[in-house]
Amino acid sequence: MATASPFQSLGLSGANARGGGVAFLMLDAAGRILVADAAAREFWRAGATELVGDHFTSLFVFEVTSRDSSWLESQWDVMVAAAATAPLRLVAQPKDGPRANVSVRVEASTSPAGQVYLAFVTPEAAPGGTGVDLLALLADRSPVGLFDLNFKAGTFHYSPAWKKQLGYGENELQPTFETWRQLVHPEDSTAAPDRVTTKFFSGARSFSVEYRLRHKKGHYVWIHGIGLQVFGPEGDLERVAGVNLDITERKEFENTAVESEDRFDELTLRGPLGAFDLNFAANRYWFSAAWKHLLGFAPDDLIDGAETLAGVLHPEEAPTGLKEFFLARHPGETAYLDLCRLRHKDGHYVWVLGGVFRQVSRKRELLRVVGFHCALPPELPVAGGPAIP
């Protein structure tokens with residue numbers, strides 16, 4: 001029984017897969033060629049399996065090029081974004097032959113193997129050109145911000161979308177390098193895309209950096225810059241071109257998470273709140289330094305296993321075991337506060353306030369307990385009598 005070809009699995013076969021003179025290629029999500037039909041192999045003068053595995057963008061001529069895999073993937077991302085609204089006019093470079101102008105259409109699709117892209121390449125009658133500035137295509141068709149610092153030519157370009165990210169209009173900001181210098185955060189000057197980290201390098205090298213640019217209103221916007229640095233034969237930086245993505249929301253979330261973790265550390269490492277995490281499902285157990293201090297343990301004392309907490313609970317309150325202790329109290333509530341007694345390292349018991357959040361399976365199995373213990377002031381009256389000596 002014959003196996004369906006990749007074309008048939010996508011509803012494409014034979015002449016229906018392409019028009020006359022149109023080369024067809026199937027690409028994976030990263031832009032690598034999975035399938036190339038006979039027209040594609042003939043156009044690029046490749047053997048039966050030569051194109052498979054190559055980056056699709058490596059088949060074309062661009063102003064700025066690099067064989068670095070990360071740069072080729074970045075070019076592919078740019079190409080997909082630029083081709084979203086209309087076919088691209090590019091310059092193809094066969095492996096052994098003259099360059100040729102082509103029209104490239106890229107469409108997202110699905111196959112049994114997952115997300116793929118279908119590329120249709122149509123040769124044009126015009127003679128082959130000298131190269132295409134893919135970043136310029138992106139600037140025309142995409143909302144991401146484009147910048148091009150061409151030190152060799154003395155020209156500097158900031159796309160309208162680049163200016164909009166910083167609150168400026170299309171005709172604002174002078175196209176100068178001084179504009180760039182004034183907008184980059186002083187603390188991020190060494191991380192900006194125009195900074196050189198390696199001396200005596202020639203050729204093209206991709207970059208992916210995070211830095212801040214000043215908004216028109218005065219605050220700073222976090223940017224993820226992706227692009228290419230081009231060095232001359234003497235190692236001088238001749239050009240930096242790339243795209244900017246606004247990642248301010250992600251950075252704010254990260255900072256909030258760090259602040260929350262710092263607050264938690266203040267309470268559980270140096271404060272009075274003794275935290276614990278009993279993950280019964282994963283068999284992982286953790287006790288904070290403050291919890292150890294509460295019961296007389298040293299911060300570096302190793303406390304492993306749920307048996308530690310089971311061993312310090314008062315036998316009257318946990319006669320049948322640790323899990324039963326947490327399941328029996330406040331049935332039906334996911335989280336609760338309660339008083340209990342814990343045995344200190346020297347043998348006496350102390351009253352503590354416990355806060356508990358528990359996870360229970362549908363079969364009423366205790367999966368995890370996260371909570372804290374906080375010692376009660378000795379002068380505070382406790383229902384049921386004073387702490388047991």
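## Burial of a charged pair

Glu317 and Arg341 are both buried, where buried means under 20% relative accessible area, exposed over 50%, and partly exposed in between (1.4 Å probe, protein chains only). The relative accessible area of Arg341 is 10%.

The model is predicted: local features need pLDDT of at least 70, side-chain atom pairs count only at pLDDT 80 or more, and totals for chains, interfaces and linings use all residues. Residues are numbered from 1 along each chain as its sequence is written, and side-chain values use heavy atoms, with hydrogens and water left out.

## Salt bridges at Arg341

Arg341 belongs to strand β13, which spans residues 335-343; helices (H or I, at least four residues) and strands (E, at least two) are DSSP runs, numbered from the N terminus. Arg341 forms a salt bridge with Glu317, and the closest N and O atoms are 3.0 Å apart. A salt bridge is a side-chain nitrogen of Lys or Arg within 4 Å of a carboxyl oxygen of Asp or Glu. Because Glu317 lies in the loop between α9 and α10 and Arg341 in strand β13, the pair ties together parts that are 24 residues apart in sequence. Through salt bridges that share partners, Glu316, Glu317, Arg329, Asp338 and Arg341 are joined into one network.

Glu316 also meets Arg341 in a salt bridge, at 3.5 Å from N to O. Glu316 lies in the loop between α9 (307-312) and α10 (322-328) and Arg341 in strand β13, so this pair ties together parts that are 25 residues apart in sequence. Glu316 is exposed, at 60% relative accessible area.

## Another salt bridge

The structure holds 10 salt bridges. One of them joins Arg105 and Glu107, with the closest N and O atoms 2.0 Å apart. Arg105 is partly exposed, with a relative accessible area of 37%, and Glu107 is partly exposed at 32%.

In strand β1 (residues 23-27), five of five residues are buried. Ala23, Leu25 and Leu27 cover one side, and Phe24 and Met26 the other.

Strand β1 pairs with strand β2 (residues 33-36) in the antiparallel sense over three bridges; two strands pair if DSSP finds at least two bridges between them. Leu25 stands opposite Ala36 of β2. The hairpin of β1 and β2 has five residues between the strands, and in this hairpin Gly31 takes a positive phi near 90 degrees.
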